[in-house]
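Take a moment with the sequence and the model before reading on.

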Amino acid sequence: MEIIVANESHFKYAQIISDTITESAKVRGTGIARRTPEYIIKRLQNGNAIIALDGDKFAGFCYIEVWGNKDFVANSGLIVHPDYRNQGLAKQIKKAVFDLSRKKFPDAKIFGITTGLAVMKMNYELGYRPVTFSELTDDPEFWKGCQTCKNFDILTRTEKKMCLCTGMLYDPASKKQEPKKLNNKAFQRLKSIKEQLFLKKKDK
């Protein structure tokens, strides 16, 4: 397995990356923003993406987005092809894109929003901590990326203060914290409370 910084030679994988993200959203039944092949190509060509390849076969992907005049960066679009799941590949890709972010943007705060417990756990192990949305970038272009998520109406009616996603942030300026074990039950309970609160309102 090869996990490398993507470049223009990987444009041919844009369609399968886009399709894999879309299919994952359908299977999981959770909110996930769609990404077109054109959108993926832009991330491949600027050296801000990690791709995993098994020979010539696409295995996984994640990219960096830059926000707020490089004050914030996000590691987004983490996806592993179904043929390569449950092998620890997602964690390797996540670590690679995190290291790339720290190398290219050493002073930037790294953040993400997700509904996935597995991604929350990976973030936590890298030093991210749960935060309110107000601590994330206020760049409107970032939040526009949520428009294709099925839960966008929740984000809208709460005035971008909260959603089913949990915001997580790595701040390089903070004192290094000792690794802690993620409290899975606490995060699952938080997710359940959000779903009951927001989805119930949506159904009314």
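Predicted model: local features only at pLDDT ≥ 70, side-chain atom pairs only at ≥ 80, totals over all residues.

The chain holds seven helices and seven strands, and starting at the N terminus its elements follow the order β-α-α-β-β-β-α-β-α-β-α-α-β-α. Of its 204 residues, 45% count as buried. The accessible surface is about 11,500 Å², with 51% of that belonging to carbon and sulfur atoms. Among contacts between residues at least 6 apart in sequence, 71% join residues at least 24 apart.

| Helix | Residues | Buried residues |
|---|---|---|
| α3 | 89-104 | Leu89, Ile93, Lys94, Ala96, Val97, Phe98, Leu100, Ser101 |
| α4 | 117-126 | Met120, Met122, Asn123, Tyr124, Leu126 |

Helix α3 has 16 residues and spans 23 Å from first C-alpha to last, close to the 22 Å expected at 1.5 Å a residue. Just after α4, glycine 127 adopts a positive phi of about 110°.

In soluble globular proteins, nonpolar side chains tend to be buried together. The largest nonpolar core has 23 residues, of which Leu89, Ile93 and Tyr128 touch the most other members. Two or more residues each come from β2 (49-54), β3 (57-67), β4 (72-80), α3, α4 and β7 (166-170); α3 gives the most, with six residues. Leaving aside neighbours within four places in sequence, leucine 89 is in contact with Met1, Ile3, Ala52, Ala59, Val80 and Tyr84. Apart from this core lies another, of 16 residues, including Trp67, Trp143, Ile154 and Leu155.

Terms used:
Residues numbered from 1 in each chain as written. Heavy atoms only, no water. Buried < 20%, exposed > 50% of the residue type's maximum accessible area, 1.4 Å probe, protein only. Helix = DSSP H or I, 4+ residues; strand = E, 2+ residues; numbered from the N terminus. Expected span 1.5 Å × (residues − 1). Contact = heavy atoms within 4.5 Å. Areas by Shrake-Rupley, 256 points an atom, 1.4 Å probe, with all protein chains shown as cover. Core = buried A, V, L, I, M, F, W, Y, C linked by side-chain atoms within 4.5 Å.
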